[in-house]
Amino acid sequence: FAPPSPCASPQDLASGVALAHVLHSIDASWFNETWLGRIRDDAEDNWRLKVSNLRKVLQSVLEYWQDVSVGVRGGPRHPG
């Protein structure tokens with residue numbers, strides 16, 4: 001994976017930006033450019049932006065997991 005900046009410590013993951021880029025690398029059709037654009041990359045010194053980013057990442061991962069697990073059982077894989 002190639003996050004936008006190197007991750008040398010857990011604090012480097014705290015803004016959610018690196019995680020979002022890794023998710024985009026895993027499945028760019030689900031975690032697409034539009035979704036990636038909603039993750040603020042200027043959250044380094046603002047805890048509210050970090051929380052917002054992490055909330056978006058968590059919500060999207062939960063939706064992805066639910067959709068993929070339904071998709072494995074024969075349902076739709078992506079809402080569109």
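Me: Is Asp12 buried, partly exposed or exposed?

Reply: Asp12 is partly exposed, because its relative accessible area is 30% (buried means under 20%, exposed over 50%, and partly exposed in between, with a 1.4 Å probe and protein chains only). This is a predicted model, in which local features need pLDDT of at least 70 and side-chain atom pairs count only at pLDDT 80 or more, while totals for chains, interfaces and linings use all residues. Residues are numbered from 1 along each chain as its sequence is written, and side-chain values use heavy atoms, leaving out hydrogens and water.

Me: And where is Asp12 found?

Reply: Asp12 lies in the segment before helix H1 (17–26), where a helix is a DSSP run of H or I with at least four residues, numbered from the N terminus.

Me: Let's switch to the rings: how many aromatic pairs are there?

Reply: The count comes to four aromatic pairs, where rings of Phe, Tyr and Trp (its six-membered ring) pair if their centres lie within 6.5 Å, and planes under 30 degrees apart are stacked, over 60 edge-to-face and the rest tilted. One of them joins Trp30 and Phe31, which is edge-to-face because the centres are 6.5 Å apart and the planes stand at 65°.

Me: What about Phe31 and Trp35?

Reply: Phe31 and Trp35 also form an edge-to-face pair, with 4.9 Å from centre to centre and 65° between the planes.

Me: Are Phe31 and Trp35 buried or exposed?

Reply: Phe31 is buried, with a relative accessible area of 1%, and Trp35 counts as buried at 8%.

Me: Which residues do the ring pairs link into a cluster?

Reply: The cluster consists of Trp30, Phe31, Trp35 and Tyr64.

Note on methods. Helices (H or I, at least four residues) and strands (E, at least two) are DSSP runs, numbered from the N terminus.
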